[in-house]
Amino acid sequence: MDSVECTHCQVTMTSWSAAGSPMRYFQCPLCARTYASQYDEVFRARAGARRVESLSRQPPPSSLPVASPEDGRWATVRARASRWFTRLETEQRLVARALPPVPRAQALEARSDVAAVRPARTR
Ligand SMILES: [Zn+2]
């Protein structure tokens, strides 16, 4: 039988069931949140409570070959971060185009000097 952990306090919740009822109740000893096994989506979505296999209570993340909801959450965070970096890069490129750096301005000046010299040479 899996135990249920409070996702807020990371403690195992105490469980009980009413006599003659297939329903089980879980309560966190710290924050007193209570969940009923009837609402299984709470445990699946880990919205407040999650099932913990009693044998492998806290397996190291590296030994998990299957993507867990945490992995999915991390993938979302990584995707958001890479989008942010891409936007930052684009913005930096736009700023660089709008404000040319000093060496490029000097290069333009040098080119205009050459252009001013050229007509004198043709004369
Ligand atoms: Zn709790």
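I began with Glu91, which is partly exposed at 41% relative accessibility (buried is under 20% relative accessible area, exposed over 50%, partly exposed in between, with a 1.4 Å probe and protein chains only). Before going on, I noted that this is a predicted model, where local features need pLDDT of at least 70, side-chain atom pairs count only at pLDDT 80 or more, and totals for chains, interfaces and linings use all residues. Residues are numbered from 1 along each chain as its sequence is written, and side-chain values use heavy atoms, with hydrogens and water left out.

Next, salt bridges (a side-chain nitrogen of Lys or Arg within 4 Å of a carboxyl oxygen of Asp or Glu). I found 3 in the structure. Glu91 pairs with Arg87, closest N and O atoms 3.9 Å apart; the two sit 4 residues apart in helix α2, so about one helical turn separates them. (Helices are DSSP runs of H or I, at least four residues, and strands are runs of E, at least two, numbered from the N terminus.) Glu89 and Arg93 also meet in a salt bridge, at 3.6 Å from N to O.

Then I looked up Arg50, which bridges to Glu5 at 3.0 Å between the closest N and O atoms. Arg50 is in strand β6 and Glu5 in strand β1, so the pair ties together parts 45 residues apart in sequence. Glu5 is buried, at 2% relative accessibility.

Last stop, the zinc ion. Its protein donors (N, O and S atoms within 2.8 Å of the metal, or 3.2 Å for Na, K and Ca; water is not among the atoms, so sites may look incomplete) are the SG atoms of Cys6, Cys9, Cys28 and Cys31, 2.3 Å from the ion. I read their spacing along the chain as C-x2-C-x18-C-x2-C.
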